[in-house]
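Please keep the sequence and the structure in view while reading.

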Amino acid sequence: MFGLRFAKFQPSDYVMKIKNGKIVKEGVGLSFYYYEPTTSVVVAPVSSIDVPFMFEEITHDYQMVTVQGQLTYRITDYRQTTRILNYTYNLKKNKYISDDPGKLSQRVIHIVKVLMKKRIEQMPLREAIQSSEYLVQNITKEMQASEELQKLGIEIMGLSVLAILPNKETMRALEARTREQILRDADDALYERRNASIEQERRVRENELSTEIAVETKKRQIRETQLEAERSVKSKQNEMEQEQLQFNTGLEEQKQTLIELSIANDKAQADARAYELSAVMKSLEDVQPSVLQAMANMGMKPDQLIAVAFQGLAENASRIGQLNITPDLLQGLMGDAGSHSINANAERGGRTR
C-alpha cells in the first residue's frame, strides 16, 4: 500500500538497493522493503556464466574453418560492471529493463573471436584443425591480461575449444588424402610384415642349413676319426703281419738250415753205413752162401724161420715127391709151439728127399 513493497532475492544474485541515486544497501541474496517511486534495484548474477560460441575463420592458406567452443566467466566487480552496463531490475515484471545483461556475453565472445582470428589466420589448415590445446592456452592468457575485460569487471574462468572443422569439401579432401595415406601405411605395414616373415623364414632356413652343415661336419669328423682309428688298426695289423712274416721267414730259414744240416748228417750217416757195408761185404767175399744164409737166420723169430723154411721148400719143390701137411701141423704153425713141429717135419722131409 502507498507504494511500499517487499523484495526477496536468491543467493545467486548480487543486489544493490539504490535510492535517490545512492546505494543504500547491497549484498548477496538480500531481502528488504522498498518504496517503489523512489527506489531502484540493480541485480547482477553471482554464479559463473557459460557462453557457447561458434564462428568461422580463414586460415593462412585461405581455407574456411568453423571453431566451436565454450567460454565460462563470472562478474567480480559488480559496481564496475553495473556502471558500464544497465543491470536495473524491474521488480514488478521480474526482468531487466534493458538488454545490456545479454550484451556482456556478446562483448566477451567478440574478444574471444578477435583473439582466435589473430591466431588462426597465421596457421595453415592442417595445423589449425589440430591446434585446439594451443589456442586455449594462448587465448586464455591473453584474455586474463586483457584491459577490456578488467574494465568490464569480469574474470575468465575457463575456455574450451571443442572442434575446429573445415567445410565439407575440404573435409572430404582431407579424409581422402588421409585415407590414402592410411591405406599406403597399411600396405607398407603389410609389406613390412611380409618382408619380416620372409626374413624370419630365411633366418630359420639358414639356421636349419647351418645345423645340417654342423651335423654333416660332425659326421665327417667322426668318420675321419673312425678312418684314422681303422688306419691305425690296419697299420698295427700290417706291422704285426710284417713281424709275423719276418718271424716265419726266419723260422723257415732256420728250418732250411736244419734240413740242410739233417741232409748233410743223413748223407754222412749213409756214407758211413755204405763204408761199413762195403767193409762187411769185402770181408764176406770169400764166405760160402750157405754160411751167410745161416748167419742171416740167426736171431730170427719162429714165424720168420717158418717163412724161410717154406721158401726153401719152394725152391726145392722139384725134388720133393710128396708133402703132407696135416691140420695139426697147420694148427701148430698158428701157435708159438708150432715151430718145433715144422722143423721136425722139415727134417723128415729132408730125409725122405
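## A charged patch on the surface

On the surface, a patch of negative charge is formed by Asp185, Asp187, Asp188 and Glu192. The model is a predicted one. Glu192 has a relative accessibility of 55%. Because the cut-off for an exposed residue is over 50%, Glu192 counts as exposed.

Strands of a sheet pair through backbone hydrogen bonds, either parallel or antiparallel. An open sheet in this model consists of five strands in the order S3-S2-S5-S8-S9, and the pairing is antiparallel. Strand S3 (22-28) and strand S9 (95-96) are the edge strands, each of them pairing on one side only.

Strand S2 comprises residues 13-19 and is mostly covered, with five of its seven residues buried. S2 pairs with S3 in the antiparallel sense over six bridges. Within this pair of strands, Val15 has Gly27 in S3 as its bridge partner. S2 and S3 also form a hairpin with two residues between them, and in the turn Asn20 has a positive phi of about 60 degrees. With S5, S2 is joined by seven bridges, and these two strands run antiparallel. Here Lys17 has Val41 in S5 as its bridge partner.

Strand S5 spans residues 39-45 and contains Ser40. With a relative accessible area of 36%, Ser40 is partly exposed. Ser40 and Met16 are 24 residues apart in sequence, and their C-alpha atoms are 8.4 Å apart in space. Further along the order of the sheet, strand S8 (residues 88-90) pairs with S9 in the antiparallel sense over two bridges. Tyr89 stands opposite Tyr96, a residue of S9.

## A second hairpin

Strand S6 (residues 49-58) and strand S7 (residues 64-75) run antiparallel and are joined by 10 bridges. S6 and S7 form a hairpin that has five residues between the strands. Tyr62 lies in the turn and has a positive phi of about 60 degrees.

In a regular strand the side chains alternate between the two faces of the sheet. The reader may wish to keep this general rule in mind when viewing the strands.

## Salt bridges between separate parts of the chain

How many salt bridges does the structure hold? The number is 17. One of them joins the side chains of Glu36 and Arg5, with an N to O distance of 2.8 Å. Glu36 lies in the loop between strand S4 (31-35) and S5, whereas Arg5 lies in strand S1 (residues 4-8), so this pair ties together parts that are 31 residues apart in sequence. Glu36 counts as partly exposed at 26% relative accessibility, and Arg5 counts as partly exposed at 38%.

The side chains of Glu155 and Arg74 also meet in a salt bridge, at 3.1 Å from N to O. Because Glu155 lies in strand S10 (residues 154-166) and Arg74 in strand S7, this pair ties together parts that are 81 residues apart in sequence. Glu155 is partly exposed, having a relative accessible area of 36%, and Arg74 is partly exposed as well, at 30%.

Arg202 forms a salt bridge with Glu206, in which the closest N and O atoms are 2.3 Å apart. Where do Arg202 and Glu206 lie? Both residues are in helix H6, four residues apart, which is about one turn of the helix. Arg202 has a relative accessible area of 36% and is therefore partly exposed. Glu206 is partly exposed too, with a relative accessible area of 38%. Salt bridges that share partners join Glu199, Arg202, Arg203 and Glu206 into one network.

How values were computed: Residues numbered from 1 in each chain as written. Predicted model: local features only at pLDDT ≥ 70, side-chain atom pairs only at ≥ 80, totals over all residues. Heavy atoms only, no water. Patch = residues over 30% accessible without salt bridge, like charges linked within 9 Å, V, L, I, M, F, W, Y side chains within 5 Å. Areas by Shrake-Rupley, 256 points an atom, 1.4 Å probe, with all protein chains shown as cover. Salt bridge = Lys/Arg side-chain N within 4 Å of Asp/Glu carboxyl O. Lys, Arg positive; Asp, Glu negative; His and termini not counted. Charge placed at Lys NZ, Arg CZ, Asp CG, Glu CD. Buried < 20%, exposed > 50% of the residue type's maximum accessible area, 1.4 Å probe, protein only. Pairing = 2+ DSSP bridges.
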